[in-house]
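Please keep the sequence and the structure in view.

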Amino acid sequence: MLGPISELGSHIHGLMTDTLDKLLRRKPRKKRPNLSLSSAGKCQRIAQYKILGAKEEPWGWRSRITLDDGDYGHDQLRKYMRKAFRTRTHFRLVKEEDTVYLNVSGTKIAGHIDGLITKICDCSEHKEWPRHTLLEVKTMSQYSYNYSKGGKISKDYLAQATAYMAALDITSCLFMLKNKSNGDFTFVAYERDEELLKEIFDRYKRILAFNRGGKTELDREYEPDEKGRLPFECNYCSYVLKCWKEYKPVKVGAGVRAFKVSMDDSFSIDDIKED
């Protein structure tokens with residue numbers, strides 16, 4: 001009889017999800033910094049709410065499992081890369097999880113890099129290849145992988161890599177992308193974007209000024225579409241309900257984390273931009 005066995009499975013599922021929810025509610029032993037290089041491309045309001053000590057809205061137990069999958073993917077791919085480099089003497093993977101710093105107006109902002117691919121040869125075959133290349137590992141869904149492998153890397157990822165490269169004083173990066181659905185992986189080349197770096201510095205400066213009490217509130221960096229649907233960046237932000245509170249955000253759809261804001265007669269995209 002499958003009934004009792006199924007009941008056992010349901011019981012264990014409930015125990016595990018309850019445990020995961022408790023872990024999500026538990027405060028970390030070490031407080032995370034309000035500003036880091038990994039947040040170089042994220043909305044400045046995230047840093048604002050962290051500075052103010054605002055309560056985060058947890059995504060639920062699925063987020064914990066997803067984040068753990070990402071951590072495993074990083075370790076897995078770097079392990080195979082190290083093994084591949086053992087059979088050759090031209091390259092090494094170094095500085096895994098090293099802390100690097102970017103100086104912004106006298107404030108050192110820290111970040112942890114996935115690694116640095118260093119060329120240790122001077123052979124003619126690799127003469128034009130960079131001496132140091134930032135390694136950025138990203139695991140993603142089938143859809144995101146197909147979109148990204150052609151070079152359409154999200155601006156958030158590009159900003160993060162740009163900040164790391166600036167901290168390391170290098171200009172070359174390889175994104176190593178892994179398709180979580182089937183294990184396929186590929187590399188996408190990227191060079192440091194100086195215009196994007198300026199945006200990053202300007203964002204950091206605004207946040208640092210806010211931290212010193214220079215402004216009451218920072219502007220939103222994203223907006224809904226004409227039907228009130230919030231973009232991906234807002235949907236997966238832990239402060240989405242607080243940030244859009246005056247526009248009455250509600251969750252839409254089943255399974256997918258997506259929100260929509262009120263679109264009554266008084267609503268205006270221009271008003272949001274000016275908030």
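Predicted model: local features only at pLDDT ≥ 70, side-chain atom pairs only at ≥ 80, totals over all residues.

Q: How many salt bridges does a search of the whole structure find?
A: Side chains of opposite charge can pair when their charged atoms come close. In this model the search gives 14 salt bridges.

Q: Which residue meets Glu-96 in a salt bridge?
A: Arg-82 does, with an N to O distance of 2.8 Å between the side chains. Arg-82 belongs to helix α3 (residues 61-86) and Glu-96 to the loop between β1 (91-94) and β2 (99-104), so the contact ties together parts 14 residues apart in sequence. Glu-96 is partly exposed, its relative accessible area being 26%, and Arg-82 is partly exposed at 32%.

Q: Which residues are linked with this pair in a network of salt bridges?
A: The network consists of Asp-75, Arg-78, Arg-82, Glu-96 and Glu-97.

Q: Which parts of the chain does the salt bridge between Glu-199 and Lys-155 link?
A: The closest N and O atoms of Glu-199 and Lys-155 are 3.0 Å apart. Glu-199 sits in helix α6 (residues 194-211) and Lys-155 in helix α5 (residues 155-168), which puts the partners 44 residues apart. Glu-199 is partly exposed, with a relative accessible area of 34%.

Q: Are Glu-136 and Lys-138 buried or exposed?
A: Both Glu-136 and Lys-138 are buried. They form a salt bridge whose closest N and O atoms are 3.4 Å apart.

Q: What does Gln-160 touch, leaving aside residues up to four places away in sequence?
A: Gln-160 touches Leu-37, Ser-38, Ala-40, Glu-136 and Lys-138. Gln-160 lies in helix α5 and is buried, with a relative accessible area of 11%.

Q: In what order do the strands of the open sheet run?
A: Strands of a sheet pair through backbone hydrogen bonds, either parallel or antiparallel. Here five strands follow the order β1-β4-β5-β6-β7, with mixed pairing. The edge positions go to β1 and β7 (185-191), each having a single partner strand, so one side of each has no neighbour in the sheet. From one strand to the next, the twist averages 30°.

Q: How many bridges join β1 to β4?
A: Four bridges join β1 to strand β4 (residues 115-119), and the two run antiparallel. Arg-92 stands opposite Thr-118 in β4.

Q: Which strands does α5 lie across?
A: Helix α5 lies across β4, β5 (132-140), β6 (172-179) and β7. Relative to β5, α5 runs at about 155°.

Note on methods: Residues numbered from 1 in each chain as written. Heavy atoms only, no water. Salt bridge = Lys/Arg side-chain N within 4 Å of Asp/Glu carboxyl O. Buried < 20%, exposed > 50% of the residue type's maximum accessible area, 1.4 Å probe, protein only. Contact = heavy atoms within 4.5 Å. Pairing = 2+ DSSP bridges. Axes fitted to C-alpha atoms, helices over the stretch in contact; angles between N-to-C directions.
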